[in-house]
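Subject: Handover of a structure, with findings

Dear colleague,

Please find below the structure that I am passing on to you.

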Amino acid sequence: MKYSHISPFLKEIVSDRYAFFWEVPEGKFNLCRNTAARLQVYAPGAHLEKMDETSPFIVCKTTGKRYYAPLRKNPALHRTFCSVMDDSGILKFASTYGLLGFTRSHDIRSRDRRLRTKLLIESAQRWQYELSEMKRLMYLWDILKNRRYSLLAALMVREEDGIYIILNKRRDLIAAVDSDLERRWDQLGERPEEAALLYLTNCINAKIRGGIYPRVLPTYKKRVYLFPDNLLTAMWLMFLWEVIGEVRPYLCPGCNNWFDPRRSTRKTCSDRCRKRVSRRKGKLKRSS
Ligand SMILES: [Zn+2]
């Protein structure tokens, strides 16, 4: 991944009608139970909730930051996010791709009162919540994508007041009585794939709602660009791109990271991984 220590040039953060860059704090990330009492909200656009003040916290004492452009450089990052399994995975993801955007901060002043370091804090509970939300929908999307329609049908329940989906112990209404979908089910038979896609896109749309803002970049082309307000929203947008087929994530056999091949003939994320895989194949051949 390409990082820069100065804000990237505008042309490097723009992809189609979207523009986005994100910062990765430099420093060691730790999990911590108690933190300094008074903390400011770090990003002005962040909507913090109660869970953002709940311990344990991911804490980074930072002396610098670097930048990258996730939408442009890592359009399959939502897949990498969904493969995070535990706290150490969270810390690794945060130190590589940055915090999600529910960050609070605290300035640490040195004795001579010159500002040196910043404490950045984000609740691990927030991470676990967002991970479970995205994984739940990713599970549904994988079933849909792999056309496992009988499994899909097993997740749906038709009840008196509408069609429900039960996913990860949560029961949600997909279509109420007398809705278009419900009427089509009566006329044409049950169509779980249509219901699943409706539910999936409605859920992701709701995640993105209010989180992407139109802005004009005064020193760059006269166009209106859409800016996700944090990394989490950007990853939900990538998820939506995958659902409409704009991004086709592929697991690189060289480094086990998700990437978007763009060209269907590409099987690895980089030249380095291509060489690594062919070296491994050579070894296997020699040893057999
Ligand atoms: Zn790779």
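This is a predicted model: local features need pLDDT of at least 70, side-chain atom pairs count only at pLDDT 80 or more; totals for chains, interfaces and linings use all residues.

Residues are numbered from 1 along each chain as its sequence is written.

Overall layout

The C-alpha atoms of the chain occupy a box of roughly 75 × 60 × 45 Å along the principal axes. There are 10 helices and 16 strands in the chain; these are DSSP runs numbered from the N terminus, with helices being H or I of at least four residues and strands being E of at least two. Of its 288 residues, 28% count as buried. Here a residue is buried if 20 or more other C-beta atoms, placed from the backbone, lie within 10 Å of its own, exposed if 12 or fewer do, and partly exposed in between. Among contacts in the chain with a separation of 6 or more, 65% join residues 24 or more positions apart; two residues are in contact if their C-beta atoms, placed from the backbone, lie within 7 Å.

The two domains

The chain divides into domain 1 (10-129 + 213-259) and domain 2 (135-207), with bounds taken from an automatic or database domain assignment. Their C-alpha centres lie 31 Å apart. Five residues from domain 1 and seven residues from domain 2 make the contact. On the domain 1 side, helix H9 (residues 231-243) gives the most, with four residues. That side consists of five nonpolar, no polar and no charged residues. In this classification Ala, Val, Leu, Ile, Met, Phe, Trp, Tyr, Cys and Pro are nonpolar, Asp, Glu, Lys and Arg are charged, and the others, Gly among them, are polar.

The core

The largest nonpolar core has 58 residues, a nonpolar core being a set of buried Ala, Val, Leu, Ile, Met, Phe, Trp, Tyr and Cys residues joined through C-beta atoms within 7 Å. Phe20, Ile58, Ile90, Ala94, Ala234, Met235 and Met238 have the most contacts inside this core. H9 is again the element that gives the most, here with eight residues. Domain 1 and domain 2 both give residues to the core, so it lies between them. Not counting residues up to four places away in sequence, Ala94 touches Phe29, Ile58 and Leu99.

The axes of helix H5 (residues 124-145) and helix H8 (residues 192-208) come within 10 Å and cross at roughly 145°. Axes are lines fitted to C-alpha atoms, for helices over the stretch in contact, and angles run from 0 to 180 degrees between N-to-C directions. From H5, the contact uses Leu137, Leu140, Trp141 and Leu144, and from H8 it uses Glu193, Ala196, Leu197, Leu200, Cys203 and Ile204. By class, the residues in this contact are nine nonpolar, no polar and one charged.

Helix H7 (residues 180-188) has nine residues, of which the number buried is zero, so H7 lies largely in the open. Just after H7, Gly189 has a positive phi of about 95°.

Strand S9

Arg116 lies in strand S9 (residues 115-123) and counts as exposed because it has 12 C-beta neighbours inside 10 Å. Leaving aside neighbours within four places in sequence, Thr117 is in contact with Lys61, Thr62, Thr63 and Ile108.

Backbone features in loops

- The peptide bond from Ser55 to Pro56 is cis, with omega near 0°; Pro56 lies in the loop between strand S5 (40-41) and strand S6 (57-62).
- Arg147, in the loop between H5 and helix H6 (149-155), has a positive phi near 55° without being a glycine. Arg147 counts as exposed, with 10 C-beta neighbours inside 10 Å.
- Asn168, in the loop between strand S11 (162-167) and strand S12 (170-176), is not a glycine either and has a positive phi of about 50°. Asn168 is exposed, with 11 other C-beta atoms within 10 Å.

With kind regards
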